[in-house]
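Load the model in your viewer and colour it by secondary structure. Keep the selection panel open.

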Amino acid sequence: MNIYADNAATTKTSDKAIEAMVQTMKNVYGNPSSLYSLGQRAKEVLEQARMDVAKCIGADFKEIYFTSGGSEADNQAIISAAKFGLLNQKKHIISTKIEHHAVLHTLKKLEKEGFEVTLLDVPQNGIVNIEDVKNAIREDTALVTIMFANNEIGTIQPIKEIGQICKEKGVTFHTDAVQAAGHIPIDVNELNIDMLSMSAHKFHGPKGVGVLFARKKIVLTNVIEGGAQERGKRAGTENLPGIVGMAAALEEACLHMKENAEREIVLRNRLIDGLSQISHSMLNGDREKRLPGNVNYIFEGIEGESLLLLLDARGISASSGSACTSGSLDPSHVLLAIGRPHEIAHGSLRLTISAENTEEEIDYIVQQTKEVVAYLRSISPVWEKIKMK
Ligand SMILES: *Cc1c(COP(=O)(O)O)cnc(C)c1O
């Protein structure tokens, strides 16, 4: 059996997206900046994709900037708000301890340049306290950046409420919606969002392409300098096949969002129920307020990496911690932030499913995980002690 259960790392490109990309590569290869008709045809296709993407999040097409992915969109959003804040002596930024490294590392860089960053603690359920956000805002706060849904534990943040607070206080609000886009409903106006990041490969689109949504009032700073593409805010000949593939994938994801989510929630709950039968285990993150496809478990007395490799040998692709941290021995910063002790945080397993998974696959994953955890515990030097607790 071959089961893909790592959709938070990346997703399988949909047939519709591939088809749209191939057609674009074959037929619309002109440069959108060229004035002859082949170029103008490419420009039309580009602008149609911009409108399609805008529609899926309730934005205006003039507020959509195509980027190379979620990381670039996060970088540009945060750097832009910081540079703009500086013009008004605002040097304070608020975020959380559970953000993606694309956000955290950008904030680190700004700290070295003299910005003050407040990283909010996150309670054990993995959901940011609205009051904490409110209390952290100061006169000199230039930006609040809080992710829509977490890539490791799947928890969904109270984005609308946070956006409302920022709106009332006149603070720019950015959200990294890379895990949320195409999976749960997003309307930037209803949710009071000023800037938002998305990435195609997290919703069955191609890799290396994403979106920065920025309201018209936002003054963007370039991260890539050069030509006048993307209204002068992001240079470089547009990745038209990627952009068209992304628009096709997002449209498809938004069209089938409700039924996909309902299906995933049934599978997810079946998976959680199955894994909960393993002793000395616990679910990470709120059981309800989480992405439809996300399951993240801790099994005491084992190493997540060993579990991952043994599951791979049984045909299951899963993750322990995030893709960026596997390969390093540090436990996930997200699990530490929600208060999991160091030694326990090592034993985590993230399974992120899509609507393409089946009940049989879920049952297979549960069975194999039970067996592998039992085996790893049988050779674990610490398990005997933990068992007695
Ligand atoms: C994957 C991911 C990113 C990075 O997106 P890329 O397109 O891979 O650069 C950023 N934030 C979150 C929450 C993600 O899951």
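The tour goes from the sheet to its helices, then to the ligand and one arginine.

**Before you click**

This is a predicted model: local features need pLDDT of at least 70, side-chain atom pairs need 80 or more, and totals for chains, interfaces and linings use all residues. Residues are numbered from 1 along each chain as its sequence is written, and side-chain values use heavy atoms, with hydrogens and water left out.

**Stop 1: the sheet**

Select the strands. Helices (H or I, at least four residues) and strands (E, at least two) are DSSP runs, numbered from the N terminus. The open sheet has 7 strands in the order β2-β8-β7-β6-β5-β3-β4, with mixed pairing. Two strands pair if DSSP finds at least two bridges between them. Go to β2 (64-67) and β4 (116-120): these stand at the edges with a single partner strand each, so one side of each has no neighbour in the sheet. Neighbouring strands are turned by 20 degrees against each other on average, direction ignored.

**Stop 2: strand by strand**

Select β3 (residues 92-96) and β5 (residues 141-145). The two pair in the parallel sense over 3 bridges. Here His92 stands opposite Thr141 in β5.

Next, β5 and β6 are parallel too, over 3 bridges. Look for Val144 opposite Phe173 in β6. How many residues of β6 are buried? The count is 5 of the 5, so β6 is largely enclosed by the rest of the structure. Buried means under 20% relative accessible area, exposed over 50%, partly exposed in between (1.4 Å probe, protein chains only). Show side chains: Thr172, His174 and Asp176 point one way from β6, while Phe173 and Thr175 point the other way.

Move to β7 (residues 195-199). Its link to β6 is parallel, with 3 bridges, and Asp176 has Ser197 as its bridge partner in β7. Met195, Ser197 and Ser199 point one way, Leu196 and Met198 the other, and all are buried.

On to β8 (residues 210-214). It runs antiparallel to β7, joined by 5 bridges. Met195 stands opposite Ala214 in β8.

**Stop 3**

Select α4 (residues 101-112). It packs on the sheet and touches β3, β4, β5 and β6 (172-176); its direction makes about 155 degrees with that of β3. Contact means heavy atoms within 4.5 Å. Axes are lines fitted to C-alpha atoms, for helices over the stretch in contact, and angles run from 0 to 180 degrees between N-to-C directions.

**Stop 4: the ligand**

Select the ligand and its surroundings. Of the 13 residues around it, Ser71, Asp176, Gln179, Ser199 and Lys202 come nearest; here, near means a heavy atom within 4 Å.

- 2.8 Å to a polar backbone atom of Gly70
- 2.7 Å to an N or O atom in the side chain of Ser71
- 2.8 Å to an N or O atom in the side chain of Lys202

**Stop 5: Arg50**

Finish in helix α2 (residues 37-56), where Arg50 is found. Is Arg50 buried or exposed? At 2% relative accessibility, Arg50 counts as buried. Its side chain reaches the backbone oxygen of Ile64 at 2.8 Å. Leaving aside neighbours within four places in sequence, Arg50 is in contact with Phe61, Ile64, Tyr65, Phe66, Glu230 and Arg231.

Notes
Polar contact = N/O pair within 3.5 Å; in protein donor to acceptor, adjacent residues only side chain to side chain.
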